[in-house]
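Please consult the sequence and the structure shown below while reading.

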Amino acid sequence: MTEEVKAARVKRVRDLVDGVLLLDKPVGLSSNDALIKTKRVLNAKKAGHTGTLDPFATGLLPLCFGEATKFSQDLLEADKTYVTTVHLGVRTDTGDTEGLVLDADPALARDPATITAEDIEAVLARFRGPIAQVPPMYSALKRDGKPLYEYARAGITLEREARNVVIHKLELLSYEAPFLRLEATVSKGTYIRVLGEDIGAALGCGAHLNALRRTGVGALVASNMVTLEEVQGHAAPLSLLAPVDALLSTFPRIELSAELAKRFLQGQRLPLGKEPEVQTPAPYEGRVRVYAEGKLLGTGLFEQWAILKPERLIAAAQA
C-alpha cells in the first residue's frame with residue numbers, strides 16, 4: 001500500500017466548533033449541500049441547519065455548529081420573513097420556477113394586466129392572520145415513510161389535510177403586471193409557494209413563485225449574512241461565526257453567582273426569590289438564558305415563585 005493510499009484512508013479529524021453562521025444561501029443549492037460545504041471549510045465536527053430553503057430560494061439560512069445545535073429547534077419553531085416575486089397568470093406543478101407549466105384553466109383566465117393595486121390589496125387582506133393552508137405535493141412531508149414529492153414525481157396526487165398557519169404580515173411592495181412583489185412574515189409550517197398560488201387563484205389568474213428570498217428567522221436578520229464565497233475565501237472563517245447565544249437573544253438573561261452556577265449545572269432547581277443578589281425577570285415565566293461571569297451556561301425555565309429550572313446546558317460549562 002502506497003503512502004498516498006494510506007493518507008487517503010486516514011479519517012479526517014474534525015474540530016470542536018461552536019457558533020452560528022448566518023449564510024446567504026445561493027440559488028440552485030440545497031440547504032443540506034450548503035451546510036456540507038460550510039462544514040468542510042470550518043472543519044467542524046457537528047453541524048445542522050435550521051429550516052430548509054428550497055434550491056430555487058435564496059437568503060438567510062442559519063447554520064449551527066457544535067453547542068449551538070442544542071438550540072436549533074427554537075429557530076425551526078420561529079416565525080420567518082420572506083420577500084417573494086409572484087408571477088401572475090402562469091401556474092406550474094411545483095408552484096415555483098422549477099416546475100412544468102400547467103395547461104390553462106378556464107376558471108383562472110383573468111388577464112393580469114387588468115388587475116389593479118386595489119384588487120391586490122383586497123385579496124391580501126383575506127390572507128392576513130390565521131388561515132388554513134393545504135401543503136403542496138412537492139414537499140418533504142412524509143406519507144407512509146415516503147416524502148410527498150416522490151409521489152408527485154410519479155404522477156400521484158394524495159389528499160392532504162389543511163394545516164393552520166398564521167400570516168403575521170403580508171405587504172405589497174410593488175406590482176408591474178404580471179409580477180407581484182410581496183413581503184410576508186409567517187408562522188412555522190407556512191409554504192410561501194402555496195400562499196403565492198392561493199393569492200393568484202383569489203385574483204382569478206393563477207400564479208407561481210418567480211423568486212423567493214428569506215430575510216428573517218426569529219430575531220436573526222439578513223443584514224448579518226455572509227455568502228458561501230466569503231466563507232470559502234476568508235483567511236479566518238471561524239471569525240465569521242456569531243456566538244451560541246445569538247440564537248437566544250429574545251430570552252431574558254439571568255446572571256448567577258459561581259455557587260448558584262455550580263448547582264444549576266448539576267441540574268438543581270434554584271429558588272431565586274431567596275437570592276436577592278440575582279436580578280430576575282419576574283413576573284415573567286418562561287425560557288431564559290443563564291450566565292455566570294458573562295459565560296453562557298445554557299437555558300432554563302423561569303417558573304412560578306421565581307424558581308429556575310435547568311433546561312439545556314452547555315457542555316463546556318459542565319466540564
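Glu183 is buried in this predicted model, because its relative accessible area of 18% falls under the 20% cut-off. The partner of Glu183 in a salt bridge is Lys169, with 3.2 Å between the closest N and O atoms. Lys169 belongs to strand β8 (residues 163-176) and Glu183 to strand β9, so that the bridge links parts of the chain 14 residues apart.

In total, the structure contains twelve salt bridges. In general terms, side chains of opposite charge can pair when their charged atoms come close. Three of these pairs are set out below.

| Salt bridge | N to O distance |
|---|---|
| Lys169 and Glu183 | 3.2 Å |
| Glu77 and Lys188 | 3.2 Å |
| Glu303 and Arg269 | 2.9 Å |

Which parts of the chain does the pair of Glu77 and Lys188 tie together? A salt bridge joins the two side chains, at 3.2 Å from N to O. Glu77 lies in helix α3 (residues 72-77), whereas Lys188 sits in the loop between β9 (179-186) and α6 (192-202), so the contact ties together parts that are 111 residues apart in sequence. Glu77 counts as partly exposed at 42% relative accessibility, and Lys188 is likewise partly exposed, with a relative accessible area of 44%.

An unreviewed UniProt entry places the feature "domain: tRNA pseudouridine synthase II TruB subfamily 1 C-terminal" at residues 252-314.

Where in the chain are the partners Glu303 and Arg269 located? Their side chains meet in a salt bridge of 2.9 Å, N to O. Glu303 is part of strand β16 (residues 295-303), while Arg269 occupies the loop between α8 (258-265) and β14 (270-271); the pair thus links distant parts of the chain, 34 residues apart. Glu303 is partly exposed, with a relative accessible area of 24%, and Arg269 is partly exposed at 47% relative accessibility.

Salt bridges may also share partners, as a further group of residues shows. Asp74, Arg287, Glu311 and Arg312 are joined in this way into one network.

Technical notes. Residues numbered from 1 in each chain as written. Predicted model: local features only at pLDDT ≥ 70, side-chain atom pairs only at ≥ 80, totals over all residues. Heavy atoms only, no water. UniProt positions renumbered as here; feature names shortened; annotations may be inferred. Salt bridge = Lys/Arg side-chain N within 4 Å of Asp/Glu carboxyl O. Helix = DSSP H or I, 4+ residues; strand = E, 2+ residues; numbered from the N terminus. Buried < 20%, exposed > 50% of the residue type's maximum accessible area, 1.4 Å probe, protein only.
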